[in-house]
Amino acid sequence: MKMADVQRRPENVGRILIQVQENLEQLKEQMTKLSPANQLDLRTLDDALSKTQEGIKKNTEYVVNVMNNEVIMLPTVDESSRRGFRSHVPHEPVGGMTERPVLHSSVYHDSPGENFHRNLTMKSILNPENTSNRSALHRNYGFALPAIKPPRQTKMMSQTVARGSTIEPLSVLPKANRVDPSLAPPSILEKDARKGILSLIERGLIPPAAELTLDPSPVHNKRVTLHHPDSALRKQLLSESSARGEGSHYMASVKLDLLHDERPSEGSQRLGTSDEIQSTIPPSTAYSQGTKSPQLRSVLIHSPTSQSKSAVGKSPLPLTLFDAPLQPLPPPATPAQKEEERHQVVAASKGYSFFVRSGIPPPSGDPEYTAFHQRYLLQWGPIVSTQALLLKLLREYSIPTAMVVGDRLADLASHYELEISPSRDELLSVLDNVDEVTKMINSPGRRFLTQDGKHIAATKIQATWRRHRDRQVYLQYRKQRWAAGVIAISWIMHVRMTRMRRQLREVRRKYLMNFRTRSKSLALEWERMSRSRHVVVHVPSLGHPPHLRSRLPGFNRKQNVQMARLCDLKDPNIDVIYISPVEVLEELKQYYCKLLGLRSAVEAGDPEELGDLSERFTFVVPEAIDKFPTHHMCLASLLKYSPAALNRIKNLIAGRDAYYLPGVMHKDDVAVADALGIPVLGCEPEICHLYSSKSGSRRVFAAAGVSAPPGEHDVYSAQQLHESLARLICDQPHVKRWLLKADVGFQGRYIAYLDVDKHLPCYRWMVRESMRYGDKWEKKWAQDAAYTKVLCELPEALDHFATPADLDTFSTWESFLDLFLSQGGIIDACPPSDSITCISVAMVIEPTGAVQMTSCGDQIHAGNTLKCWGLSCPQASVDPSILEESCRKIGEACRVRGVMGHFTIDYVTFIDPKSLEQRLWATDLTLAYSDQMAMTQLMLFVTRGELDAARCLMRVPPPIKAKEGRFRKRDDNKDKQPPPNLNRYYVMSTHLMHSNMAVVHYSVFFQMCRAHGIGFDIKERQGTVFTLIDSSKREELGMLTIEDDLPGALAAFARNLSTIHQEISAPNMQGRSNFKAAVDDIESILSTTAQNEKDETL
């Protein structure tokens, strides 16, 4: 068979080659069977055959490539006859013309109409439901499909609605099992089991908490094979690459079976050379001789052409084609495309990473960057913008090499497609070597290592300097603007405050003028008002300065300790309106109603004859007590800002005579009295605070000519303090303790002391010097040396050894000294005696100018000897005439200075160690209604007694005798009985404090007192009475004990304290209390009294 007989159809090339190869094998076998005589000719023929076989073997791959790489369109319906006619039927010559050469089939093309008709036919063939499918298959391919009869249309029967259940009833859990779950469950039938496990659980046949096991289990375990990600990616890419040709019109589903025969070949030039075979290949396929399609790369990897150098001396590779129909081949793949596909696979495995050097984008020929560009071609616009920002950042910091991860860059670009630019950290996050790049960026001076680094550095220096210069100018401007604003605001505030102060001064001047006018009217109407019905408005306000009120714990409760003011009802012409600084609950009202009802029982001498005075007193609570919790406002200020309370008081006093009885006077007391339109039984606020101060009281005592402790007043500086105290120490060498009192002090507060005999090194030497000089020591020249030495040592002694008397108020000397120097103070000598008694005298200056003593008593101290805790009245420590004379002088001095109303004078009495005479010093003056006066009113109310404070006598009316019959038997023994003791002594205190009282209700407390015999005897007019202060916290209360002698009153008071403490305390809950200190002080007083009585008898 000649090679020229190969037809032009590529489909027949394989069949021809196989046939030629078989013929050559047969010829070779016949030649080996010839006789030896023809051996020379046979060798020559064998060489020719070997050459021919070798040429065929060399061109086998070329033929296969031609078949696979040639692009051939699918034939149309009638293409076979037309193309066959054109290809195989020779044209007859016309008119003597020579025969036209036969052209290749690729030269002929179809018209647009033929293409449209062919496509329409193919669509009908591929769609089985198309009506032209059967005819097209039969017309073009000769297929006769069987006829399919249409389904028979069943006649629709008319349906009727069936009522009732359409399913059989299912069995459920019996009622007995639902009621008692402990019963054995019923058996499950087969028809129920077919419904499934879920149905059985829902019907209750299987309990919901039952553990179910399925045997065999419907789930089986199987070992899973894990594949490497690279292999999966490679398979995916290969599958995508192969899928491009499946089912398309240009892919050929060709399967090749490559059988490699390694038999040695001989006589390769028997049938021809490879050049002859190649000359028969069409020119249109010659250019693709050395290429392979991607689909056959894995198949042809072991073909002889891939090992061209080792193919010499080997047998030809036979090819076997399967019987599958041939399909059109894909377009030929160029070497650039194969290299590009290889780079795509590698780039995809690395996240499409590429390198950027010195902030310059990769060149256009870079395979990694090209793969990245092809992968994200559709979103290349945002990527270019983000990449430009990244490259700019890398150039600014002169980063030599940066590895950019393309996937991260694409993700970042997709998030910032709008005008928002990514931050520096977000740009650096797309780098694979972000740590190294960040370290270089953060290194100092990296910004200036670029090509224009010097220019950038110079610009930076200039910008920094300009910023600094402009910043200084701006700060100066802001400072000046702030100063101007402060000045402007200060000026505006000054103007407004000046205007407000002017208005306040005008308003207060008006209040004061009205106050003075009403005071004069009160003086004229006092005698008439005292004998007629009138109203007293009690306002127990403590008008101390704000910084002192803030230091008092429980300030409102301390203002309410004078609830005994209600006992002014002992005068039948007086009605009381009591302004309470705390909320008055119902139990507190009931207690005081019963207490005030004792007046009728005492008068009748019958406990059953209780009266009702609830209509004569009224509690008024300002609504502003809870509106200013942190301002520590006094009661007068709260009442001023309580319009509802003021209106109520106005309605209560409308058309009646009334006057205002304050506590410690305050400016708001004058404002409230003016708002109510009633006079005030008190002095002006400025006069009150002036003469209630320590320095003011010493000036009053000096004007009255009464004895006062040696000392100095109006001390406002440390130098004045040191000089004055040094001079006093030299003048009074026998005084061992000196007291420093702040002017604003009250109730024994704000006092410090210094023991010079213990802490002043030169004191003993000074005493010896005073004894050596004798009477001449009073001369200043004799004290100069001692004064100089004391003045040098005194500051150090004060700093180290001066002690505040109340450590709860001042913990250190420095804090006390700051207040002392800021507010001013006095220096007083402490009496040079071990036995000291303090006396308090309550007095009143009536509007008419009459001065009266209303009460006097000896002070009781609970721990702190400089602070009054209680009183025993009347006083029994000093001659009443001496005390009355001193009080009269002080009262007259106060009246001259415009003082009116209630005030208290404190004295101290002791035995002078030099003269052995009793001395009486006036130590303090308080222009206010005192607790002593309120408790005295309570004592007079429950006893109907009379107190002669000038003579220090307290007497009660004789007991009412029981009614006797008309005819009574004479009793001589009864007539011989001594008359009853009508003298009374009482001990009182409003400062009882015990923290355990808070857990005891008042009703339980009074039952406990009744069980221990603590009460008041109406017939004997002696016993114990309590004053309740607060119904919410209940830690503080007042107590009054009345007996017929002073030791009995003190003993009863101490016994009551001990009993109450034992009843409300437990061994493990003693609580905070001042009971024990008071009991100790009372016991010392009793021992001193007993010793004095013993000395008098001797």
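Axes are lines fitted to C-alpha atoms, for helices over the stretch in contact, and angles run from 0 to 180 degrees between N-to-C directions. Helices (H or I, at least four residues) and strands (E, at least two) are DSSP runs, numbered from the N terminus. The model shown is predicted: local features need pLDDT of at least 70, side-chain atom pairs count only at pLDDT 80 or more, and totals for chains, interfaces and linings use all residues. Residues are numbered from 1 along each chain as its sequence is written, and side-chain values use heavy atoms, with hydrogens and water left out.

**View A. The crossing of helices H12 and H13.** The axes of helix H12 (residues 367–375) and helix H13 (residues 380–396) come within 10 Å and cross at roughly 135°. H12 and H13 are therefore oblique to each other (angles under 35 degrees count as roughly parallel, over 145 as roughly antiparallel, 65 to 115 as roughly perpendicular and the rest as oblique). Tyr369, Phe372 and His373 of H12 make the contact with Trp380, Ile383 and Gln387 of H13; contact means heavy atoms within 4.5 Å. These residues divide into four nonpolar, two polar and no charged (Ala, Val, Leu, Ile, Met, Phe, Trp, Tyr, Cys and Pro count as nonpolar, Asp, Glu, Lys and Arg as charged, and the others, Gly among them, as polar).

View B. Four strands form an open sheet with parallel pairing, in the order S7-S6-S5-S8; two strands pair if DSSP finds at least two bridges between them. Strand S7 (617–620) and strand S8 (658–661) are the edge strands, each pairing on one side only. From one strand to the next, the twist averages 20°. Strand S5 (residues 534–538) runs parallel to S8 and is joined to S8 by four bridges, and valine 535 stands opposite alanine 658 in S8. Helix H23 (residues 643–653) lies across S5, S6, S7 and S8, at about 165° to S7.

**View C. Asparagine 560 in its loop.** Asparagine 560 lies between helix H19 (555–559) and strand S6 (574–579). With 0% relative accessibility, asparagine 560 counts as buried (under 20% relative accessible area; exposed is over 50%, partly exposed in between, with a 1.4 Å probe and protein chains only). Its side chain forms a polar contact of 2.7 Å with the side chain of tyrosine 578 (a pair of N or O atoms within 3.5 Å; within protein, one must be able to donate a hydrogen and the other to accept it, and residues adjacent in sequence count only if both atoms are side-chain atoms).
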